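Please look at the sequence and the structure shown below. The report that follows describes a few of its parts in turn.

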Amino acid sequence: SCVYTENCFVPTSEIIAVEETEFNKKQRNTGKWQKMAKPHAFTVYYVKKARNHRWRCSDLTFWCVDEHLCNQWIQALKELLEMQKSRPKQLLVYINPYGGKRQGRRIYEQKVAPLFSLASISTDVVITEHANHAKDNLLEVNINKYDGVVCVGGDGMFSEVMHGLIGRMQKDSGIDQNNPKAPLVQCNIRIGIIPAGSTDCICYSTVGIADPVTSALHIIVGDCQPLDVSSVHHNNMFVKYYVSLLGYGFYGDILKDSEKKRWMGPMRYDYSGFKTFLSHHYYEGTISFQPAKHALGSPRDKDRCRTGCYICKGSEQQLAEQHKQCGLNREEDEEWKVIKGKFLAINAVNMSCACPRSPKGLSPAAHLADGSADLILVRKCSRFDFLRYLVRHTNHDDQFDFSFVDVYRVKSFQFTSKLLEDNESNVTDIGKKRFGQFCRDHPVCCCNIANSTWNCDGETLDSSAIEVRVHCQLMKLFARGIEENCKEEAAYSHSSVEQLL
């Protein structure tokens, strides 16, 4: 019978591959194999879970003297793997060789490609040569031959692949993306993210760690995590999709300033953040939104989105019921709440936006797939109060527990800046009027900026007046959300190979 060297309980879903193991003469004459005339063995490669959601490929070798028995085990385990229908067999891979520290190609070839090969996954690899290369390619390629699309890079690379894939689905279905009220067609082809950029927020928020090997293993085992996507329109023209942050004011100003300092590398975000904090600009405007009445959770309930999230599943069902009863066209008749004010920051997040520096993120209880976004309004306040708010992103205190901070769970919203509302006045006069106002409020600086910039998943938008709508579970990732406890998760599964006998 087979012998095992250590206690190991592995779910079938987390076995990567099974291979026959050959022993050379030298190996057979040493250690455990010495007593056997001709050992027959096979090696099981499986997912080993470590701390902080990190996964690694580990292996165990089993041996016996009976060749027929050994072959039976190999065949039985391979048949079990064949039954895992969610696993990809053919992948389309886009590699950004310029993103982050220009390590994308090396990371893929050294850390990811060997694992795909071990798991018998075929790949077609495209090295992107310019901006929107992947997006344009996805509009032409025969997408039906692939089980998934993998992007190697940062959040910008993911955004490009996402736009290409969603755009392709709408084009094939005859959907006009310029219509903000159009019901978009869901993408059934999953996207895998191999983190290799300067920012990997989306990977961190959906897997729990920005680690190429961990992400590759989630792709191999065929994990699937639905993801909400929000569309941004201006004057009935499509502008962009986003999945994490849409920020006006503080985060928009940081991005705009940091874009001029790309030569500084990732350090530019710290520099621009400090500079933006000192400038302390506020912006006037009107925001109107539809509360997400279908959503089961709320932004302050401390119920975080985890693997198999019941709030996401329940909210999806509630939204489907609403659409069945009312239809999409009746949504415009639903309640809209209007807020006018002076804001230091307006943030709309589809996920927690957690990262190593802010483990909770901008909205700790935001959900990946509940068909809603958390709209965070930070009103004009003192520099000291705003600093207190920012510090709470890094500790366990409630970051919404301030009189100048409001948070709402919404399914759509619109924003118009004060400058655009005052269109009856001459733009030059407005500039002069605003210049005087800013200098009275902020005597330490000379600032006459009437509008901020929208930060849309790390890219700037040209217009400040926008209309945003959340599309429930529009796409799917090769991920499973953040697991509650990695080590305990491995100890239970209905479809397990118990200790591999």
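## Histidine 294

In this predicted model, H294 lies in a loop, the one between β12 (283-291) and α10 (310-326). Is H294 buried or exposed? Its relative accessibility is 2%, and buried means under 20%, so H294 counts as buried.

Which residues does H294 touch, apart from its neighbours within four places in sequence? The contacts are S315, Q318, L319, Q322, D370, G371, S372 and K411. One of these residues, G371, is in contact with H294, and the side chain of H294 reaches the backbone oxygen of G371 at 3.4 Å.

## Aromatic pairs

A pair of aromatic rings is described by two values, the distance of the centres and the angle of the planes. The structure holds 15 aromatic pairs. In the pair of F238 and Y241, the ring centres are 4.5 Å apart and the planes stand at 45 degrees, so this pair is tilted. F238 has a relative accessible area of 23% and is partly exposed, whereas Y241, at 1% relative accessibility, counts as buried.

F250 and F386 form an edge-to-face pair, with 5.1 Å from centre to centre and 80 degrees between the planes. The pair links distant parts of the chain: F250 belongs to helix α8 (residues 250-259) and F386 to helix α11 (residues 383-391), and the two are 136 residues apart. Both F250 and F386 are buried. They also belong to a cluster, in which ring pairs link F250, Y251, F277, F386, Y389, F402 and F404.

Why is strand β9 (residues 225-234) described as largely enclosed by the rest of the structure? Eight of its 10 residues are buried, and therefore the description applies.

β9 pairs with strand β18 (residues 466-477) in the antiparallel sense, over eight bridges. Here P226 has K476 of β18 as its bridge partner. β9 also pairs with strand β10 (residues 237-242), again in the antiparallel sense, over five bridges. In this pairing, the bridge partner of S231 is Y241 of β10. Y241 is also the buried member of the tilted ring pair described above.

The strands β9 and β10 form a hairpin with two residues between them. N235 is in the turn and has a positive phi of about 50 degrees.

## A sheet of three strands

Three strands make up an open sheet, with antiparallel pairing and the order β2-β3-β4. Which strands are at the edges? They are β2 (15-21) and β4 (55-64), each of which pairs on one side only. From one strand to the next, the twist averages 20 degrees.

Strand β3 (residues 40-49) pairs with β4 over 10 bridges, in the antiparallel sense. Within this part of the sheet, A41 stands opposite W63 in β4.

## Helices on the sheet

Helix α3 (residues 104-118) lies across β2, β3 and β4. The direction of α3 is at about 70 degrees to β2.

Helix α7 (residues 212-220) packs on the sheet as well, where it touches β2, β3 and β4. The direction of α7 makes about 60 degrees with that of β4.

Conventions. Residues numbered from 1 in each chain as written. Heavy atoms only, no water. Helix = DSSP H or I, 4+ residues; strand = E, 2+ residues; numbered from the N terminus. Buried < 20%, exposed > 50% of the residue type's maximum accessible area, 1.4 Å probe, protein only. Polar contact = N/O pair within 3.5 Å; in protein donor to acceptor, adjacent residues only side chain to side chain. Contact = heavy atoms within 4.5 Å. Phe/Tyr/Trp six-rings, centres within 6.5 Å; stacked < 30°, edge-to-face > 60°. Pairing = 2+ DSSP bridges. Axes fitted to C-alpha atoms, helices over the stretch in contact; angles between N-to-C directions.
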